[in-house]
Each structure stands twice: as structure tokens, then as C-alpha cells.
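Here's a quick tour of a protein chain. Have a look at the sequence and the 3D picture, then read on.

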Amino acid sequence: LNCALFSIADQLHRVHGITILDINEFTKYVRENALLEFNTMIDVLGNGTAVLRAVVAYLRRKGLVGDGFALNLKIWSSDGQGGLMEFNNVASSGAGGVQVVLYYNGVNHFDSITGGF
């Protein structure tokens, strides 16, 4: 249920060098601050901006990024026929943000393009 958050954390670590040490604290903080119900799948299309803003707030709170840091979300999704669809600018926490790219299997799971947790 937290696969999108795990994948964002993986992208931050592997691509941008930002390491989240306590993934459980991170997921709890993001869910609470993005007003997402626990034990539910995260709708990154409907709640993506709130999720990214909560992620950035967490990173700032932990001193991992500065005030000007922002995130943008791109999704690659299975098209069910062996191909990929690319969705750019799915969500953003602010202008000029660094990009995280998630892979969606087309049914029920997100993963990081770098392999994930």
C-alpha cells in the first residue's frame, strides 16, 4: 500500500543522493500530512501534489534539503500489451523541482525505475 512512497524514497536515494533513514517514519509522516488514509493504496493522480508537498516537508524537517527544493513526478505505466505509456508532469510540489520517475504495472503496484526497495 506504500509502494509509491517506497519508490519515491528509492528514487531520492539512488538518483538524487538523499537518504531517508526511517522509511516507516517517512511513510507515516507523508500519509498524515497529505491527509491520506492508512491501509489504502495511494492515488498519485488525485493526491500526487499533496504527496510530493508532504515528502518535501519531511525532507526539510529532517534537514535533508533546503527551502528551494521541490519535486516533480513522472510515471511510466504498462499498457497491457508489452509497451509503456509515459505520463509527464503528473504532480509537482513547486517550480523547478527534481524529477522522480515511478513505474506502474497498470494494475496495482508502483516501483522505482532504479529497482526499488
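Does Arg14 count as buried, partly exposed or exposed, and what is its relative accessibility? Arg14 counts as partly exposed, because its relative accessibility is 48%; buried means under 20% relative accessible area, exposed means over 50%, and partly exposed is in between (1.4 Å probe, protein chains only).

Before going further, some ground rules. This is a predicted model, where local features need pLDDT of at least 70 and side-chain atom pairs count only at pLDDT 80 or more, while totals for chains, interfaces and linings use all residues. Residues are numbered from 1 along each chain as its sequence is written, and side-chain values use heavy atoms, with hydrogens and water left out.

**The whole chain**

- The chain has three helices and four strands, and from the N terminus on they come in the order α-α-α-β-β-β-β. Helices (H or I, at least four residues) and strands (E, at least two) are DSSP runs, numbered from the N terminus.
- The radius of gyration is 13 Å, close to the 13 Å that the globule rule gives for 117 residues, so the chain is as compact as a globular protein of that length. That radius is taken over C-alpha atoms, and the globule rule is 2.2 Å times the number of residues to the power 0.38.
- If you boxed up the C-alpha atoms along the principal axes, you'd need a box of roughly 45 × 30 × 25 Å.
- Of the 117 residues, 42% count as buried.
- Take the contacts (heavy atoms within 4.5 Å) between residues at least 6 apart in sequence: 59% of them join residues at least 24 apart.
- The chain exposes about 6,300 Å², and carbon and sulfur atoms supply 49% of that. Accessible areas here come from the Shrake-Rupley method with a 1.4 Å probe, and for residues only the protein chains shown count as cover.
- There are 8 positive and 10 negative charges, and their mean positions are 7 Å apart. Lys and Arg count as positive, Asp and Glu as negative, and His and the chain ends are not counted; the place of a charge is NZ of Lys, CZ of Arg, CG of Asp or CD of Glu.

**Helix H1**

- Asp10 sits in helix H1, which covers residues 3-16. Asp10 is buried, with a relative accessible area of 2%.
- Arg14 is in helix H1 too, and its side chain makes a polar contact of 2.4 Å with the side chain of Asp10. A polar contact is a pair of N or O atoms within 3.5 Å; within protein, one must be able to donate a hydrogen and the other to accept it, and residues adjacent in sequence count only if both atoms are side-chain atoms.
- An α-helix has 3.6 residues a turn, so residues three or four places apart point the same way.
- Arg14 and Gly68 are 54 residues apart along the chain, and their C-alpha atoms are separated by 21 Å.
- Val15 also lies in helix H1 and is partly exposed, at 45% relative accessible area. Val15 and Val100 are 85 residues apart in sequence, yet 8.4 Å apart in space, C-alpha to C-alpha.

- Helix H2 spans residues 23-33, and its buried residues include Phe26, Tyr29 and Val30. The buried residues of H2 pack against H1 and helix H3 (44-61).
- Asp22 caps the N-terminal end of H2, with a side-chain oxygen 3.2 Å from the backbone nitrogen of Asn24.
- Asn39 is found in the loop between H2 and H3 and counts as exposed at 69%.
- Most residues other than glycine have a negative phi. Leu35, however, has a positive phi near 60°, and Asn39 has a positive phi of about 60°.

**Strand E1**

- Where is Leu73 found? Leu73 is in strand E1, residues 71-78, and is buried, with a relative accessible area of 3%.
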